[in-house]
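Work through the exercises below with the sequence and the structure in view. Each task is followed by a solution in steps.

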Amino acid sequence: MITRSIGAVFIPVREIISARAWYARLLEIAPIGEIAHGHLWRVPMVGETNLVLDSKAFVGPQDAKPIFYFKTANLKGAHDHCRALPVLALSAIRDDVFFTFKDLDGNLLMIADVI
């Protein structure tokens, strides 16, 4: 039987080492941990859902629509943090709830302050 729980979200990346460094800087964590099978890095997250960077057979970014969002309780602070990083296509804060941006591979990401 299928449970109503997500095990992991995969993000396609071109090069695992530079992607690991970028996501570590975004999330303010150390870029450490095993790169499994030479192409997978499990991003240390809070909660049960895993985030996995995957550089195997990169065919392009996930950029049509964000498939998840990072949570924040400080939307302006998160926006300022992203502005200081090398991000692509940083949007303004929209509806006082969220903003979007792209990682170095062009994947569309979202940060939101929702209940």
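Predicted model: local features only at pLDDT ≥ 70, side-chain atom pairs only at ≥ 80, totals over all residues.

**Exercise 1: a residue of strand 1**

Task: decide whether Ile11 is buried or exposed, and list what Ile11 touches beyond four places away in sequence.

Solution. 
- Step 1. Locate Ile11 in strand 1.
- Step 2. The relative accessible area of Ile11 is 4%. Buried means under 20%, so Ile11 is buried.
- Step 3. Leaving out residues up to four places away in sequence, Ile11 touches Leu51, Val52, Leu53 and Asp54, and also Tyr23, Phe68, Asp103, Asn107 and Leu109.
- Step 4. Asp63 is 52 residues from Ile11 along the chain, and the C-alpha atoms of the two are separated by 11 Å.

**Exercise 2: aromatic pairs**

Task: find how many aromatic pairs there are, and classify the pair of Trp22 and Phe101.

Solution. 
- Step 1. Rings pair if their centres lie within 6.5 Å; by this rule there are 4 aromatic pairs.
- Step 2. The ring centres of Trp22 and Phe101 are 6.4 Å apart, and their planes stand at 45°. Planes under 30 degrees apart count as stacked and over 60 as edge-to-face, so this pair is tilted.
- Step 3. Trp22 belongs to helix 1 (residues 16-27) and Phe101 to strand 5 (residues 98-102), so the pair ties together parts 79 residues apart in sequence.
- Step 4. Trp22 has a relative accessible area of 6% and is buried; Phe101, at 0%, also counts as buried.

Task: classify the pair of Phe68 and Phe70, and name the residues of the aromatic cluster that includes Trp22.

Solution. 
- Step 1. Phe68 and Phe70 lie 5.2 Å apart, centre to centre, with 80° between the planes, and the pair is edge-to-face.
- Step 2. Phe68 and Phe70 are both buried.
- Step 3. One aromatic cluster is formed by Trp22, Tyr23, Phe99 and Phe101.

Note on methods. Residues numbered from 1 in each chain as written. Heavy atoms only, no water. Phe/Tyr/Trp six-rings, centres within 6.5 Å; stacked < 30°, edge-to-face > 60°. Helix = DSSP H or I, 4+ residues; strand = E, 2+ residues; numbered from the N terminus. Buried < 20%, exposed > 50% of the residue type's maximum accessible area, 1.4 Å probe, protein only. Contact = heavy atoms within 4.5 Å.
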